[in-house]
Every structure is written in structure tokens, then in C-alpha cells.
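These are my notebook entries on a single model. I record what I looked up, entry by entry.

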Amino acid sequence: MSIPKTIREYRSQGDHHTNLKLQESPLSGPKANEVLVKIHAASLQYRDLMVSKGRYPGQKKDVVPCSDMAGEIAAVGQDVTGWKVGDRVCANFALDHIHGDVNHDIQQTGLGGQIDGVLREYINVPVHSLVRVPDHLSYEEGSTLPCAALTAYNALLGPTPLKGGDFVLVLGTGGVSIFGLQLAVASGATVIATSSSDEKLEIAKKLGAHHVINYNTTPDWDDVVLKITEGKGVDHVIEVGGPGTIQKCIKAVRYAGWIHIIGFVAQGQGDLPIRAAIGKALIFRGIQIGSVKQFEDMNRLIKAHQIHPVVDTVFPFEKAIEAYSYLESQKHVGKVVIKISKD
Ligand SMILES: NC(=O)c1ccc[n+]([C@@H]2O[C@H](COP(=O)([O-])OP(=O)(O)OC[C@H]3O[C@@H](n4cnc5c(N)ncnc54)[C@H](OP(=O)(O)O)[C@@H]3O)[C@@H](O)[C@H]2O)c1
């Protein structure tokens, strides 16, 4: 494989995604314990919109944005063993989160936030961050795994894995929630999905959601969740809404159920109802994506069930700004992907 001397990369000006700047930069080879990856595809997250506006905590100035990619190894450092040119790989979201709990130092290795990310043609990554792309997935599909999928996996199958027959509630049909749906169905749970749109809910049903609720036409969707669960409430909530949804989630979860605190896509304000939380003996767990070890475990499940990530639209590298705008419009279901290499 011939390796170029320069590459194209985007840099964020930290004001708006429409001002992402495409530029050329020199490419250096991998250090002794790194591999050089030729990036085939990257996928977008809600977080990338925050970074593009300069609103992500601790973000690097002029950062190369985006955390999630899949590509092939183009060169290996002199001390690397176990990996070879041509291997299909992802890098973990936080490069140094190998196993166990996240900590401050690990957080400083978050791609496309604290350090330069993957919206570029090649990247050098430490070998300890690498995870193989499952064989049945394309590069576009593989590029969706590091953040959204692993976050949902860590929530539902992390330290306290769900049990077959558990009820799982997923909010909306964005990246994290759709992976939550797919992983929960594959693990034997009964899934309740909400969305702003009946068309999107049809897709959720095709993916295996057992019950669907339009939260626009059914504003009291928490009552419907209670009805579906015969008054008991769900065992797990993938809470991506934040202040706008947390009160309803507390109502919709069972006594001593898990609320996985992940994001804040919903408009609205609200404090955590402490009394209700204590009264129902709830378990709140903040999620910070996941580790390489969890990524490998997740890929085992994805392979066993031949799960295909839901890729809504693929944009060419030159149209990355349009991809961001499309993500921001919230018209998508699942993931928005940017194809980077031409082959
Ligand atoms: N903590 C972590 O480790 C972690 C990791 C990844 C993401 N996150 C966070 O999780 C959140 C989701 O990220 P993402 O990348 O999956 O986002 P995304 O793909 O952009 O999903 C956005 C979707 O959220 C849904 N939504 C909007 N308002 C809603 C509401 N009021 N109730 C329910 N659903 C609503 C919409 O789907 P419908 O039109 O179907 O309703 C929308 O398309 C973000 O806040 C992100 O920062 C956190």
C-alpha cells in the first residue's frame, strides 16, 4: 500500500459546523507502538455538533473532529505484534480506555474532542486502542460502533447486564437509542421505543421493537409505558433526553430499576426529582462510552446475532458539512456516515 506524504483533514473553528475547514497536512509514520490506519469511513454523533460549536468540555482548539471511524492498517510500528497491514480496525473512542472504569487521564484521550479525531484520511493510533471490525460489516457500518453502539452496550450489558425478559425503554431513534434497541432485542429483552415520528417507529418495529409510542401525539407516554408493563415499569431506560425527559423516565421505570444517564437531546428543563428517585430506590448510572474490552465483548454479540448497524445516509468526504446539517435536522434514524476513502 502506498502511503501519501500529505493528507486531507477537517478542523473545527469551534463556532459552527458550516465553518469546518478542509486542509492539507503532512503525514508522519507510526511510532514504535502505533499503527497507521487508512480511514475508510467515519460516523457522526450528537457530540460532534457540540464540538463544532465549541461547546464540548475540554475540547482542543482547532481540533480535527469526530471520534468514530473504521479503516485498514496501512503501516505498523516496529514494536507492534498481532496486527498486520490490511487488518480492518476501529479505534476506541477514548484511546487509553483499555478496560475497567474511566478516569480523568483516560478522558483526556477522547478522539475528536480532547485530542485530534478521525475526520481525515489517515491516523496513527496506539495499538492498545485497536478493535477488529466484525467480518460481516462494511467499513461504513463498522464506523458506527465506537461511540453510539458501545455506549448502549455499556449501559445495558455493562457491570449489571440486563436479563432475558427485562423491559428496556429507548428514547427516540438516534444513534445510541437504535443500538440500544438492537442490542436489547439480541439479548432477549422486550423493547419499548419512543419517537417523534410514526415513520421512524415503523423502522423501530422492523428492528424488533415490541411496543412503540409517538411522544408527540402521546405526550403522556410514561403512562403508556406503565400500562404496557402492567403498572410495574421498565427495568432499564436508555436516557438520552436529559432534563426534558427524566421525570417521565422516573415514572416509567420500575422500583429499583436502572436509569442509564447518557445525554440531553430533549428540549426542556427539570431537576432530578430526588424524592421520587429515593422513593423508588432507583439506580442512576452515568455512562462514559466504554472500554476496548467492552468493545470486543460487544463485537462478539454483534457477530453472533449478525447485527447490522442502521446506516441512514452516507455522505462523501467533501460533503461533510452537509452530513453535519443532516444530523442536526434529526431526520435520521440510527447513524449518519461520511465515506472518506474512494476505494
Ligand atoms: N454519555 C455517553 O457516553 C454518550 C455517548 C453517546 C452519546 N451521548 C449523548 O446521547 C445523546 C444522543 O446521542 P446520539 O448521537 O444518539 O444522538 P442523535 O443520533 O443525534 O439522536 C437524536 C435523536 O434524539 C431524538 N430526540 C430528540 N428529542 C427527543 C425527545 N424529547 N425525546 C426522545 N427522543 C428525542 C430524535 O429522534 P426521534 O425523532 O425518533 O424522536 C433525534 O433524532 C446526546 O445527548 C449525546 O451527547 C452520550
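I began with Ser12, which I found in the loop between strand S1 (6-11) and strand S2 (21-26); helices (H or I, at least four residues) and strands (E, at least two) are DSSP runs, numbered from the N terminus. The model is a predicted one, in which local features need pLDDT of at least 70, side-chain atom pairs count only at pLDDT 80 or more, and totals for chains, interfaces and linings use all residues. Residues are numbered from 1 along each chain as its sequence is written, and side-chain values use heavy atoms, with hydrogens and water left out.

Is Ser12 buried or exposed? I noted 2% relative accessibility for Ser12, which counts as buried; the term means under 20% relative accessible area, exposed means over 50%, and partly exposed lies in between (1.4 Å probe, protein chains only).

Entry on the ligand. Which residues are the closest to the ligand? I listed Thr173, Ser195, Ser196, Tyr215 and Ile287 as the closest of the 26 residues that surround it; a residue is near a molecule or strand if one of its heavy atoms lies within 4 Å of it. I checked the polar distances next. A polar side-chain atom of Ser196 is 2.6 Å from a ligand oxygen atom, and a polar side-chain atom of His332 is 2.9 Å from an oxygen atom of the ligand. Ile287 takes part through its backbone: an N or O atom there lies 2.7 Å from a nitrogen atom of the ligand. The ligand taken alone exposes 930 Å², of which the protein buries 91%; these accessible areas come from the Shrake-Rupley method with a 1.4 Å probe, and for residues only the protein chains shown count as cover.

I then asked where the shell comes from. Helix H4 (145-157) and helix H5 (175-186) are the elements that give two or more residues to the shell around the ligand. At domain level, the shell draws at least three residues from each of domain 1 (6-144 + 309-339) and domain 2 (150-286), with bounds from an automatic or database domain assignment. By class I noted 12 nonpolar, 13 polar and 1 charged residues in the shell. Here Ala, Val, Leu, Ile, Met, Phe, Trp, Tyr, Cys and Pro count as nonpolar, Asp, Glu, Lys and Arg as charged, and the others, Gly among them, as polar.

Entry on cysteines. How many disulfides does the structure hold? I found 0 disulfides, a disulfide being a pair of cysteine sulfur atoms within 2.5 Å. For Cys66, which is in no disulfide, the nearest cysteine sulfur is that of Cys147, 11 Å away. For Cys249, also in no disulfide, the nearest cysteine sulfur is again that of Cys147, at 19 Å. Cys66 is buried, with a relative accessible area of 0%, and Cys249 counts as buried at 0% relative accessibility.

Entry on backbone angles. Most residues other than glycine have a negative phi, and most peptide bonds are trans. I noted a positive phi, near 55°, for Glu230, and a positive phi near 55° for Ala281. Glu230 is in the loop between helix H7 (221-228) and strand S11 (234-239), and counts as exposed at 74% relative accessibility. Ala281 is in the loop between helix H9 (274-279) and strand S13 (283-286), and is partly exposed, with a relative accessible area of 46%.

Entry on C-alpha separations. Val35, in strand S3 (residues 34-43), counts as buried at 0% relative accessibility; its C-alpha atom is 28 Å from that of Gln306, 271 residues apart along the chain. Gly257, in strand S12 (residues 253-261), is buried, with a relative accessible area of 0%. The C-alpha atoms of Gly257 and Ile7, 250 residues apart along the chain, are separated by 48 Å.

Key. Polar contact = N/O pair within 3.5 Å; in protein donor to acceptor, adjacent residues only side chain to side chain.
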